[in-house]
Every structure is written in C-alpha cells, then in structure tokens.
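Reader: I would like to learn how to read the features of a structure model one by one, with the general idea stated before the particular case. Could we begin as soon as the structure is in view?

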Amino acid sequence: IASNNGDSGVVYSSSNNNVCSTGTQPGTINIKGAGSCTITATVGNTNNCTYSTTAATYTITVNKAAGSVTTAPTPNTNLIYTGNNIQLLSAGGSGTGTMLFKVGSGSWTSTLSSVTGKSAGTYTVYYKASASTNYNESASASTSVTIAKAAMTCCTPTVKSGLVYNGSSHALVNDCAPTGGDIYYATASTGAGSATTVPSATTAGTYNRWYKCVPDSNHSGGTS
C-alpha cells in the first residue's frame with residue numbers, strides 16, 4: 001500500500017509489540033522477541049484515495065534462537081564420604097534459560113541442593129539451559145564430581161581369658177566393631193581371612209588366630 005495523488009500518509013501498527021514494533025521511519029519494523037505479530041498498514045485519509053485497498057496486513061514469525069549455557073556449573077571439590085547425601089555442585093552456572101541438572105540417568109531438576117551423591121565414587125552430572133521465551137533448550141553437557149572414600153577406623157579384638165574345657169564350644173576372642181568395614185578372622189597368618197565369625201574351639205589347647213580389618217566400598221585403609 002502506498003500514498004499518492006492526494007492520499008494521506010500510511011500508518012503502520014503491530015498486533016504484538018513484544019514481538020515486533022513499528023520503527024520511527026515509515027515502513028521499518030523492530031524485532032523485539034520470538035513469536036508472531038501482524039503488521040497493518042493503513043491509509044490515514046481515504047477521501048481522495050486512488051487505490052481500491054486502503055489497508056494491508058502481513059504476519060511476521062520470529063523463531064526462537066538457539067539456547068546455550070553461558071557459564072558452566074562449578075563442581076564441589078575435596079568431597080569425602082560421610083554416610084549422608086552430599087551436594088555435588090557449588091554453583092549452578094547460567095544460560096539462556098533456567099539451568100537444569102541431573103546425576104547420571106536420574107531426572108532433571110532445577111534445584112541445586114537436589115544434585116547429590118551419597119556413596120564414594122565418581123558421578124557424572126549433566127546440565128543444560130531450559131527453553132525460555134526467546135531461546136530453545138540448549139544441548140546438554142556434563143562434568144565429573146568425585147566423593148572420596150573415608151578412612152576406616154579399625155579396632156582390636158581381645159583374647160578371652162579363664163576358658164576351661166567343658167565339652168562345649170568357646171569363643172576365643174571378644175569381637176569388636178570397626179567403623180567402615182568388618183573384622184575378618186583366619187586360622188593361619190596366610191589364611192584368606194574371609195570369615196567374620198568369631199573363632200571358637202571345643203577341645204583344650206592353645207590356639208592362634210589371626211584377624212584383619214577390611215574396609216567396605218566407602219572406606220579405605222584396614223589392617224592385616
């Protein structure tokens with residue numbers, strides 16, 4: 001549509017100024033955000049209009065831009081097993097949308113305090129920026145966070161005293177409970193030491209038994 005031969009100027013308007021707005025120069029459009037808007041051009045005074053059409057419309061679609069993570073999350077360091085859930089990230093980073101996280105094959109969450117691990121080991125934490133008004137969801141990336149094993153605290157079984165033959169089986173030691181593992185007993189110093197049952201004997205005699213502290217999967221150390 002145009003103005004000519006006594007027609008008044010053309011007036012432009014937008015149906016959605018959040019997506020596009022008319023510029024200060026006639027016929028210019030300012031893109032504001034993703035979405036759709038309809039631009040209408042109208043002849044202001046139609047008394048002497050030389051055209052059969054006094055208004056025209058055009059729909060503009062603005063697609064979302066590709067999303068991205070602008071600052072990666074910060075992994076926590078020097079983590080040691082405690083028996084409780086431990087937060088794996090100290091900061092969530094930033095992106096073109098809300099930051100989302102998941103541990104391994106878990107579910108996505110935007111709550112940083114929910115990104116945790118409990119057992120000792122290395123965890124893969126995935127992250128991405130969610131879709132927002134003007135951006136699509138970003139591709140996901142990952143970082144690794146390690147929870148180290150805690151040191152096992154061993155203990156020493158004590159020998160039972162005052163044992164006298166009576167035809168029944170006698171426990172030979174007073175068992176103890178280490179922190180982060182088990183006591184294993186063997187009948188020889190080169191034994192496998194795979195039995196956690198307290199050693200016992202029935203007949204009179206002198207017995208030698210060996211023990212060692214064996215850590216569980218979340219602890220290190222031990223003795224043999």
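Reader: How do the residues of the lining of the largest pocket divide into nonpolar, polar and charged?

Author: In this predicted model, the lining of the largest pocket comprises 13 nonpolar residues, six polar ones and two charged ones. The pocket itself holds about 400 Å³ of space, and of the 21 residues that line it, those closest to its centre are Val159, Leu163, Leu172, Gly205 and Tyr207.

Reader: Turning to the rings, how many aromatic pairs does the structure hold, and which residue lies over the face of Trp108?

Author: The structure holds zero aromatic pairs. A charge is taken to sit over a ring if NZ of Lys or CZ of Arg is within 6 Å of the ring centre and within 35 degrees of the ring normal. Lys128 lies over the face of Trp108, at 4.2 Å from the ring centre, and Lys102 lies over the face of Tyr126, at 5.7 Å from the ring centre.

Reader: Is Ser138 buried or exposed, and which backbone nitrogen lies 2.8 Å from a polar atom of its side chain?

Author: Ser138 is buried, because its relative accessible area is 6% and the cut-off for buried is under 20%. Its place is in the loop between strand E14 (121-129) and strand E15 (141-148), and a polar atom of the Ser138 side chain lies 2.8 Å from the backbone nitrogen of Ala129.

Reader: Where is Asn166 placed, and how far apart in space are Asn166 and Thr203?

Author: Asn166 is in the loop between strand E17 (158-159) and strand E18 (170-171), and it is partly exposed, with a relative accessible area of 49%. Asn166 and Thr203 are 37 residues apart in sequence, while their C-alpha atoms are 8.4 Å apart in space. A polar atom of the Asn166 side chain also lies 2.9 Å from the backbone nitrogen of Ser168.

Note on methods. Residues numbered from 1 in each chain as written. Predicted model: local features only at pLDDT ≥ 70, side-chain atom pairs only at ≥ 80, totals over all residues. Heavy atoms only, no water. 1 Å grid on protein atoms, 1.4 Å probe; cavity = no way out; pocket = protein on both sides within 12 Å on 5 of 7 lines; lining within 4 Å. Points joined across faces, edges and corners; volume = space filled by probe spheres on them. Nonpolar A, V, L, I, M, F, W, Y, C, P; charged D, E, K, R; others polar. Phe/Tyr/Trp six-rings, centres within 6.5 Å; stacked < 30°, edge-to-face > 60°. Helix = DSSP H or I, 4+ residues; strand = E, 2+ residues; numbered from the N terminus. Buried < 20%, exposed > 50% of the residue type's maximum accessible area, 1.4 Å probe, protein only. Polar contact = N/O pair within 3.5 Å; in protein donor to acceptor, adjacent residues only side chain to side chain.
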